[in-house]
Amino acid sequence: MRKTVGLLAAVAAIMFLAGQVLAQDFMVYPAKGQSQQQMEKDKFECYNWAKGQTGFDPMQTPRATSAPPPKYEGSTAGGAVRGGVGGGLLGAGIGAIAGGKKGAKKGALIGGLGGATIGGVRSHRQKQEQERARQQWAEQQAAQYAHKRNAYNRAYKACLEGKGYSVQ
């Protein structure tokens, strides 16, 4: 369920960024007096030609070209608990060797606190790194889409200009 929500969020981000690119509609003027019917026919032919030349179809919904990085499944609290248990066991062992039963209690307390702190910080950093990787992936997907869209636009514009239209 979490993966699905994450994937949907990434696709929404791509579509949001791609929507800005899609807003680049052309203004087409029949510079040689072509009729409206001829202009629509030429636009359709240029759409097909540009699509064939670039392999990009602006009428299709943008899709991710690679899977998003996995989302962090753990929690900061879970990392703190694991670190606290590990640190407590290690501290108890070292304390027992150094100071007997009383040293084991003191070592378990110090080791537990230290381990919980380190475990929580480490878990939080992992979560931040994975979120950064997901954001970078979404930006790369949007950039790839924009590149393909620009190539299509250049081809479409060249086709219409070749048929005698003024395109802005």
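Modeller: Let's start with touching: two residues are in contact if they have heavy atoms within 4.5 Å. By that rule K148 touches F56 and T65, leaving out residues up to four places away in sequence. Before we go on: this is a predicted model, where local features need pLDDT of at least 70 and side-chain atom pairs count only at pLDDT 80 or more, while totals for chains, interfaces and linings use all residues. Residues are numbered from 1 along each chain as its sequence is written, and side-chain values use heavy atoms, with hydrogens and water left out.

Colleague: Why does K148 count as partly exposed?

Modeller: Buried means under 20% relative accessible area, exposed means over 50%, and partly exposed is in between (1.4 Å probe, protein chains only). K148 has 40% relative accessibility, so partly exposed is its label.

Colleague: What makes S123 and G111 buried?

Modeller: S123 comes out at 3% relative accessibility, so it counts as buried. G111 has a relative accessible area of 17%, and therefore G111 is buried too. S123 is in α3 and touches Y72, S75, T76 and G79, again skipping residues up to four places away. G111 is also in α3, with G87, G88 and G91 as contacts under that sequence rule. Across the chain, buried residues make up 30% of the 168 residues.

Colleague: What counts as a helix or a strand, and how many does the chain have?

Modeller: They are DSSP runs numbered from the N terminus: helices are H or I with at least four residues, strands are E with at least two. The chain has 3 helices and 2 strands, in the order α-β-α-α-β.

Colleague: Why is the pair of F56 and Y145 given the type it has?

Modeller: Rings of Phe, Tyr and Trp (its six-membered ring) pair if their centres lie within 6.5 Å; planes under 30 degrees apart are stacked, over 60 edge-to-face, and the rest tilted. The structure holds 6 aromatic pairs. For F56 and Y145 the centres are 5.3 Å apart and the planes make 70°, so the pair is edge-to-face. F56 is in the loop between α2 (36-54) and α3 (76-162), and Y145 is in α3, 89 residues away, so the pair links distant parts of the chain. F56 and Y145 are both buried. One aromatic cluster takes in F26, F44, Y47, F56, Y145, Y152 and Y156.

Colleague: Which residues of α2 meet α3, and what classes does the contact have?

Modeller: On the α2 side, D42, K43, C46, Y47, W49, A50, K51 and T54 meet A151, Y152, A155, Y156, C159 and L160 of α3. That contact has 10 nonpolar, 1 polar and 3 charged residues. Nonpolar covers Ala, Val, Leu, Ile, Met, Phe, Trp, Tyr, Cys and Pro; charged covers Asp, Glu, Lys and Arg; the others, Gly among them, are polar.
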